[in-house]
Amino acid sequence: MILKGLTSVKKHWIPIGIILVALLSFVSYAYLLPDKKTVPETSSVPWEGGKWRTSTPEEQGIYSAELADVLKTVQSEHTNIHSLLIVRNGFLVLSTYFAPYQEGDGVFYPVHSVTKSITSALTGIAINEGALKGIDQKVLNSFPEESKNNTDLNKAAITVKNLLTMQSGLDWPETQVRYGNNNIVDQMMESPNQVQFILNQPMSSAPGTVYNYNTGASHLLSAMIQKKIGINLKEYAMEKLFGPLGITDFFWAADKQGVSYGGAGLQLTPEDMAKIGYLYATNGLINGKQVIPAKWVSESTTMNNTNGFKYGYQWWGGLDYFYASGSYGQGIFVSPEKNLVVVMTSDISDTDPKIETNKLFSRIKSAAVSQQALPVNSEGNQQMKEQVRLASSSKMPTPQLPAIANEISGRTYMVKKNNAGLNFSAFTLNFSNKSDVAVFKKTLGAEIVDISVGLDNEYRETGNYKAKGYWDGDAFIINQHYVIPDSHTPYDSMIKFLFDEMEGKLEIEELSGIKSQKIVVDIISK
């Protein structure tokens with residue numbers, strides 16, 4: 001899940017048919033496989049110089065045509081994927097960004113509850129170094145001041161393992177209530193001392209007996225490590241985990257006491273997310289250094305069945321793989337048996353994101369049919385490259401402007417009454433039949449911002465903004481992408497202008513975050 005408000009930006013998861021197809025395809029291909037050619041050997045650091053080494057899918061035993069079909073499915077079904085990266089044998093075989101997102105755009109993607117899996121990794125490192133005594137260490141012993149009024153013997157029995165497995169026993173109705181102001185996570189976020197808030201919650205069951213998803217439990221792990229070593233989890237990660245992996249560009253929010261959020265709040269690039277996955281695929285070993293104890297990698301990804309789910313130490317499990325999962329379809333999928341890592345960043349809200357992302361991963365995993373290199377497939381690679389191109393650019397002919405576009409072009413519209421927190425007070429839209437770009441000029445206080453809007457289904461970039469728009473009857477709709485400068489956080493919204501002569505309405509729908517909402521205000525021509 002995501003913790004809205006972690007930054008100061010706004011007050012701004014196998015179909016049988018697929019398996020059979022893959023098996024039949026493999027049988028037909030088996031006679032064509034070369035006898036001695038194997039996948040290329042990898043370096044101990046496959047991202048020397050900061051960039052992942054690349055290879056074709058067939059060189060790494062994957063069908064490129066199937067990857068092309070995966071990308072085609074994403075686009076035809078309008079699955080809101082932002083990025084999809086595939087690493088096999090330490091080689092990046094597919095890197096796809098869906099517009100307006102693009103490689104190297106400086107965006108740190110909010111990975112939401114993927115943060116929990118990183119916290120799990122750092123917990124294992126802390127135990128190995130002696131900062132934590134082990135998974136049986138009692139939690140309250142780390143918080144003598146915060147726990148002095150907590151005399152419940154069940155609460156005193158909570159262990160590190162209970163936090164890791166989401167079996168703390170704390171009364172924490174997180175997934176039972178829609179995320180928003182009434183959710184316990186939001187209550188935690190608004191509290192002056194979040195660690196204290198978590199510890200103050202009553203018990204609903206004995207520790208270790210009932211699975212209950214608890215973002216607060218992950219935050220307690222972060223606080224425990226900080227109490228012992230004197231630095232927060234962000235700084236500890238820089239030294240013990242991110243540093244050895246060459247991860248330097250990221251954002252990790254902290255609570256009011258400076259404790260890095262253990263359950264969410266981390267923002268990474270997809271390339272760096274893949275490094276985390278690769279580290280787990282190699283049992284915690286990179287460049288001759290055991291970054292995470294191999295025993296911890298194995299232990300934390302050993303799954304227990306809990307309420308129909310497979311869950312380890314803040315890692316989720318599939319049939320023969322495990323993954324880190326965050327709200328809206330953020331994922332780091334790892335198949336050690338196939339030496340395969342798949343990363344996805346998404347904003348899926350209309351369906352269950354775990355189901356959607358697990359379907360995609362299962363198809364990709366099924367396409368990895370051989371540990372040997374496959375014969376060259378020029379056609380399949382070309383199909384894949386074309387789908388990558390379409391993902392980044394889907395330019396179309398510019399449609400004819402409707403009559404109303406000329407009527408309202410150049411007019412300044414005022415927001416009649418703004419009680420919804422809209423951040424601009426006036427705007428002008430400029431259209432021209434000779435141009436495939438419109439201009440959205442909005443007044444932000446004393447500042448006027450001109451935003452270019454592509455009318456050909458292609459985003460135009462203006463500073464930290466990217467935008468494209470289209471007419472739907474008398475309504476003009478803008479898809480706007482904004483990157484917040486300080487935290488490099490992406491923020492997507494849809495703005496709908498409804499015109500009725502000199503007056504109209506303005507609808508703004510947030511497309512990012514747990515608290516997605518729609519703002520509706522009246523407008524009038526100046």
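**Salt bridges and a helix pair**

Reader: R363, buried or exposed?

Author: R363 has 13% relative accessibility, so it counts as buried. Buried means under 20% relative accessible area, exposed over 50%, and partly exposed in between, with a 1.4 Å probe and protein chains only. This is a predicted model with residues numbered from 1 along each chain as its sequence is written; local features need pLDDT of at least 70, and side-chain atom pairs count only at pLDDT 80 or more, while totals for chains, interfaces and linings use all residues. Side-chain values use heavy atoms, with hydrogens and water left out.

Reader: Which residue forms a salt bridge with R363?

Author: E66, with the closest N and O atoms 3.1 Å apart. A salt bridge here is a side-chain nitrogen of Lys or Arg within 4 Å of a carboxyl oxygen of Asp or Glu. E66 sits in helix α2 (residues 64–76) and R363 in helix α12 (residues 353–367), so the bridge ties together parts 297 residues apart in sequence. Helices are DSSP runs (H or I, at least four residues), strands are E runs of at least two, and both are numbered from the N terminus. E66 is partly exposed, at 23%.

Reader: How many salt bridges in the whole structure?

Author: The search finds 15. Another of them pairs K441 with D450, closest N and O atoms 2.9 Å apart. K441 is partly exposed at 28%, and D450 is partly exposed at 37%.

Reader: What does D456 pair with?

Author: R460, with the closest N and O atoms 2.9 Å apart. Both D456 and R460 are buried. Through shared partners, salt bridges link K395, D436, D456 and R460 into one network.

Reader: Changing topic. At what angle do α3 and α8 pack?

Author: About 35°, with the axes of α3 (residues 114–129) and α8 (residues 215–229) 10 Å apart. Axes are lines fitted to C-alpha atoms, for helices over the stretch in contact, and angles run from 0 to 180 degrees between N-to-C directions. The α3 and α8 crossing is left-handed, meaning the near helix is turned anticlockwise from the far one by less than a right angle; clockwise would be right-handed.

Reader: Which residues make the contact?

Author: K116, T119, L122, T123 and A126 from α3, and T215, S218, L221 and I225 from α8. Contact means heavy atoms within 4.5 Å.

Reader: Last one: T159, where is it?

Author: T159 is in the loop between α4 (153–156) and α5 (160–164). At 10% relative accessibility, T159 counts as buried. Leaving out residues up to four places away in sequence, T159 touches I135, D136, Q137, K138 and V139.
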